[in-house]
Amino acid sequence: MKIGIIGAGYIGRAIAKLAVGQGHEVMVSNSRGPHTLMSLVASIGCLTGSVEQAAAFGEVVLVAIPLKNYLAVPAAPLAGKVVLDANNYYPERDGNMTELDNHSITTSELLARHLDGARIVKAFNSIRVNDLERDGLPTGTPGRRALPISGDDARAKRQATALIDQFGFDVVDAGPLAEGWRFQRGRPMYCERFDAVGLQKALSDND
Ligand SMILES: NC(=O)c1ccc[n+]([C@@H]2O[C@H](COP(=O)([O-])OP(=O)(O)OC[C@H]3O[C@@H](n4cnc5c(N)ncnc54)[C@H](OP(=O)(O)O)[C@@H]3O)[C@@H](O)[C@H]2O)c1
């Protein structure tokens, strides 16, 4: 599968490595342009491009950038595509956003509102990058770590689930994007390690 990645930081690079390792074609981008990403081509085995090129390239596109920059993500090339949203809200980094501070919207709904027509799945936000690189296990391993997702498009969630499984993790579907608050930053289970049963319970206990 072709995977575009917007954001070449810790998470973007970790997902790029995992995806290349599973035989996917990956194009990574950042805000400064592919000339700043030359080393990734050799070290990860991915392509690099502009944000618009990565968005157009991917059948699935990961967005992993500081949330404050979400309005810079181009909507047109992502319309109709599966977009994996790894972003979290850190006011000390992103500045205060009123709708997030008063909990009237989730971070992924904010991105979805901007990316009209994209099929957003909140994924990979609730695991630290070191754990993402280290905790993956083969399908069926007892106690395998599970990651939460949310989204409004069932087919997109199935595609996200298949990818996450390839990367070594079980998946627990927390429901529609509006339920993504359950595993946003600040919730008790955010970035904690659970198997699928434990994660399901932790998400429900959040009520
Ligand atoms: N690190 C973690 O453990 C972790 C875990 C889960 C989720 N997250 C979340 O995932 C997101 C990324 O985290 P990170 O740790 O990977 O961040 P990071 O290491 O600071 O990297 C951020 C990347 O985003 C790029 N970027 C910024 N604005 C952009 C834009 N408008 N268009 C394209 N690329 C842009 C930056 O490129 P330039 O340098 O060219 O600006 C940089 O490559 C954050 O929202 C974070 O909260 C992080």
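## Strand β6 and its partners

Strand β5 (residues 82-85) pairs with β6 in the parallel sense over 4 bridges, while β6 and strand β7 (residues 146-151) pair in the antiparallel sense over 2 bridges. Strands and helices are DSSP runs, numbered from the N terminus: a strand has at least two residues in state E, and a helix at least four in state H or I. Two strands are said to pair if DSSP finds at least two bridges between them. Strands of a sheet pair through backbone hydrogen bonds, either parallel or antiparallel. This is a predicted model, in which local features need pLDDT of at least 70, side-chain atom pairs count only at pLDDT 80 or more, and totals for chains, interfaces and linings use all residues. Residues are numbered from 1 along each chain as its sequence is written.

Individual bridges show how β6 is placed. L84 has V121 as its bridge partner in β6, and V121 in turn has G151 as its bridge partner in β7. In a regular strand the side chains alternate between the two faces of the sheet. In strand β6 (residues 119-122), R119 and V121 point one way, I120 and K122 point the other way, and all are buried. A residue counts as buried if 20 or more other C-beta atoms lie within 10 Å of its own, as exposed if 12 or fewer do, and as partly exposed in between, with C-beta atoms placed from the backbone.

## The whole sheet

An open sheet is formed by 8 strands in the order β3-β2-β1-β4-β5-β6-β7-β8, with mixed pairing. Because β3 (47-48) and β8 (170-173) stand at the edges with a single partner strand each, one side of each is left without a neighbour in the sheet. Helix α1 packs on the sheet and touches β1 (2-6), β2 (25-29) and β4 (60-63); its direction makes about 165° with that of β2. Helix α9 (residues 196-205) lies across β7 and β8 and runs at about 25° to β8. These angles run from 0 to 180 degrees between N-to-C directions, and the axes are lines fitted to C-alpha atoms, for helices over the stretch in contact.

Leaving aside its neighbours within four places in sequence, L84 is in contact with V60, L62, V121, A123, F124 and A160. Contact means that the C-beta atoms of two residues, placed from the backbone, lie within 7 Å.

Helix α6 (residues 107-114) is largely enclosed by the rest of the structure, because 6 of its 8 residues are buried. The buried residues are T107, S108, E109, L110, L111 and A112. They pack against β4, β5, α5 (98-101), β6 and β7.

## Selected loop residues

F124 is found in the loop between β6 and α7 (129-134). Its phi is positive, at about 65°, although F124 is not a glycine. F124 counts as buried, with 26 C-beta neighbours inside 10 Å. H103, in the loop between α5 and α6, also has a positive phi, near 60°, in a residue other than glycine. H103 counts as exposed, with 10 C-beta neighbours inside 10 Å.

R185 is found in the loop between β8 and α9. R185 is partly exposed, with 16 other C-beta atoms within 10 Å. Leaving aside its neighbours within four places in sequence, R185 is in contact with N88, Y89, Y90 and Y190. The C-alpha atoms of R185 and N125 are separated by 8.4 Å, although the two are 60 residues apart along the chain.

## Surroundings of the ligand

There are 25 residues around the ligand, of which G7, G9, N30, A72 and N88 come nearest. A residue is near a molecule if its C-beta atom, placed from the backbone, lies within 6 Å of it. Helix α1 (residues 10-21) gives the largest share of this shell, 3 residues.

By class, the shell holds 13 nonpolar, 10 polar and 2 charged residues. Here Ala, Val, Leu, Ile, Met, Phe, Trp, Tyr, Cys and Pro count as nonpolar, Asp, Glu, Lys and Arg as charged, and the others, Gly among them, as polar.
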